Amino acid sequence: MKHFDVIVIGGGHAGSEAAAASARVGAKTALVTLKADGIGQMSCNPAIGGLGKGHLVREIDALDGLMGLAADQAGIQFRLLNRSKGPAVQGPRAQADRKLYRGAIQHLLGKFGNLSIIEGEAVDFVTTAQDVQGVVLSDGTTITCRAVVLTAGTFLNGVMHIGSERRNGGRVGDQSSARLGARLRDMGLRTGRLKTGTPPRLDGRTIDWSRLEMQDGDASPSLFSFLSRSPTARQIACGITHTNTQTHDIVLENLSKSSMYGGHIEGVGPRYCPSIEDKVVRFGDKSSHQVFLEPEGLDDSTVYPNGISTSLPASVQKKFVRAIVGLEAVEITQPGYAIEYDFFDPRCLSHSLQLLDMDGLFFAGQINGTTGYEEAAAQGLVAGVNAALYAADRDLAVLSRSECYIGVMIDDLVTRGVTEPYRMFTSRAEFRLTLRADNADIRLTDMGSKLGCISDSRMRAFEEKRISLVALRDVLGRVSVGPKELESIAVFVGPGAPRRSIFTVLGMPGVTVEQVSKLCPELAAASVPVQNVVAADALYAPFAERQFAEAKLLKRDEAIRIPPDLKYTEIVGLSAELRSKLMNVRPANIAQAASIEGMTPAATVLILGYIKRRFDTKARSA
């Protein structure tokens, strides 16, 4: 019988990151997947990053994860979204070659000597009343372990819908996992159904590209990994077209044939990624919607029409697609479809992503109610690190929402739960001025090193960058300039204005690095990544101090532990509703309790007072 420290189930984005993270920490790890050659497959759109999501990818990379490196190797068009806005809300995005991305993930996983790939279907767990001790495969094989990370994606009781047609599956070409879904429901976990969708795939050779607007990538690409220097794949342009009133009329005429509008789907879909059916119904005042025609690979003629996800019958899809400019003669190579699947209420998890009622069992990805490659990968990394720490009898890691977007996402999930597929946005982070994509490594790489998940080579590169940053910040803060010097770089402050530091000047509205570099050779000589971090720090300096103070208060409250067996029924003054919520969530600390929907400052004080009285009159701290 084989034994591993950690078994990861599922080879998607969450599973790949979980397996790699577990292996980096030093655990003997097995990745169980239906098809080894499908590891790292991009099931839906061929792109990585975006608004909010790009922050997650940079944070994954800062913790030495795979996604950023793979996206840089597979990227065939890079764009920085929200470029006209401040750096805190800008989002790097890359159009990717599917084959190159999958190959990059598999190559990176292959570097771990303590990671084994096992082809098979996990159908059961070996458990005691308290913990998980192994996994059972469909062929009867039992593999024992200390910890399991389950990253089932859309495969748990997955059903694909095209019109009234239903078929079981986690995605086209792959079967769903019914037995494992039933096993999890038998464990008494709160479950629900969610849905997602995908557009029809088009044959790019049948698109009239001459009639389309073409969109190139950025001239100076913003890459994902802090270790990458430039794209390695050939760069391409994407096409842009629009739906029209004829398209919308065809959709409306056939609305009853849609899986969702025909009553065939009970699951809730992502509000921020609506199907074409949703768009024409919810936004009836709009005569058109933008469609991005994204090639799926450099040597693949398949095109992904981003913006027309649908579950209408294949014949209707062909009709409405051909009503779009440039697509009049297009051939559909694979119809779009909706997929419905099981998820489990993430409030059954701790902030380490371990089940509250089953030691050693961790959940990550869409099983927790999220949508998107990036959200799944970030959870996978956290679950993989913690599974390895658990197997080694070490304290588990909890990321604070004051430290990173990953912490924001996990806190949202396990404290508030989900009513629709959860997607990351910059607006979810209260500390977004300091949690920027450009400084993810400054925030997280040291932490990752303490957890044991950072390679020596990455740590050396990070230390070099940090030394450069500290030295440059010192110079910018020490050297001051007056009105005449500023006038020489076209910055006008008036003849009587006081001298100010170059750092302050760099943060003035409209002032650029190029201008200030003329007054500071050290800034001119710094690398572009270092320049970007310092410039963003300077821009947000007037606001950052307040956010740091607020983050310090949050960290203080996070240090006040709540015992897991606390009897909320004994706390006089708590409403029955809050008691119920607290018993369901079982917050680990005061900060998490305070973030529960409906929690009042008065109720938080009652809990804190009870803890202090009940446990030696002093709150237990981390």
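Is Asn157 buried or exposed? Select this residue to begin the tour of this predicted model. Asn157 is buried, with a relative accessible area of 16%, a value under the 20% limit for that class.

**First stop: the loop between strand 9 and strand 10**

Asn157 belongs to the loop between strand 9 and strand 10. Its backbone deserves a look: phi is positive, about 55°, although Asn157 is not a glycine. Most residues other than glycine have a negative phi.

Now select Ala152, which is found in this loop, between strand 9 (142–150) and strand 10 (159–162). Ala152 is buried, with a relative accessible area of 10%.

With 9% relative accessibility, Thr154 counts as buried. Leaving aside neighbours within four places in sequence, Thr154 is in contact with Gly169, Gly170, Thr196, Ile339, Tyr341 and Gln366. A distance drawn between the C-alpha atoms of Thr154 and Asp139 gives 22 Å, for residues 15 apart along the chain.

In soluble globular proteins, nonpolar side chains tend to be buried together. Select Ile7, Phe125 and Phe363, the residues with the most contacts inside the largest nonpolar core, which has 115 residues. Helix 9 (residues 373–391) gives the most to this core, contributing 13 residues. A second, separate core of 24 residues includes Val491, Val511, Leu523 and Ala535.

Return to Ile7 and display its surroundings. Apart from neighbours within four places in sequence, the residues in contact with Ile7 are Ala30, Val32, Val135, Ile143, Thr144, Cys145, Ala147, Val148 and Val149.

Next, select Gln531 in helix 17 (residues 528–558). Gln531 counts as buried, at 12% relative accessibility. Its side chain reaches the backbone oxygen of Leu523 at 2.8 Å. Leu523 is also among the residues in contact with Gln531, together with Val513, Ala524 and Ala526, when neighbours within four places in sequence are left aside.

Select residues 91–96, which form strand 5. Six of the six residues are buried, so the strand is largely enclosed by the rest of the structure. In a regular strand the side chains alternate between the two faces of the sheet. Here Gly91, Arg93 and Gln95 point one way, while Pro92, Ala94 and Ala96 point the other way.

Strand 3 (residues 47–49) pairs with strand 5 in the antiparallel sense over three bridges, and Gly49 has Arg93 as its bridge partner. Strand 4 (residues 75–81) pairs with strand 5, also in the antiparallel sense, over six bridges. On that side, Leu80 stands opposite Pro92.

Why is helix 10 described as largely enclosed by the rest of the structure? Eleven of its twelve residues are buried. Select residues 405–416 to show the helix, whose end C-alpha atoms are 16 Å apart, in agreement with the 16 Å span that 1.5 Å a residue should give. Its buried residues include Tyr405, Met409, Asp411 and Asp412. The cover over the buried residues includes helix 2, helix 9, helix 18 (576–585) and helix 19 (590–594). Gly417 follows helix 10 and has a positive phi, near 70°.

While helices 18 and 19 are in view, select Arg586 in the loop between them. Arg586 has a phi near 50°, a positive value in a residue other than glycine. Arg586 counts as partly exposed, at 32% relative accessibility.

**Last stop: helix 11**

Finally, select residues 440–451, the twelve residues of helix 11. The buried residues of helix 11 are Ala440, Asp441, Arg443, Leu444, Thr445, Gly448 and Leu451. Viewed down the helix axis, these buried residues fall within an arc of 165°, so they line one face of the helix. They pack against helix 1 (13–25), helix 2 (53–62), helix 9 and helix 12 (456–478).

Technical notes:
Residues are numbered from 1 along each chain as its sequence is written. This is a predicted model: local features need pLDDT of at least 70, side-chain atom pairs count only at pLDDT 80 or more; totals for chains, interfaces and linings use all residues. Side-chain values use heavy atoms; hydrogens and water are left out. A nonpolar core is a set of buried Ala, Val, Leu, Ile, Met, Phe, Trp, Tyr and Cys residues joined through side-chain atoms within 4.5 Å. Buried means under 20% relative accessible area, exposed over 50%, partly exposed in between (1.4 Å probe, protein chains only). Helices (H or I, at least four residues) and strands (E, at least two) are DSSP runs, numbered from the N terminus. Contact means heavy atoms within 4.5 Å. A polar contact is a pair of N or O atoms within 3.5 Å; within protein, one must be able to donate a hydrogen and the other to accept it, and residues adjacent in sequence count only if both atoms are side-chain atoms. Two strands pair if DSSP finds at least two bridges between them. The expected span of a helix is 1.5 Å times one less than its number of residues. The arc is that of the directions from the helix axis to the C-beta atoms.
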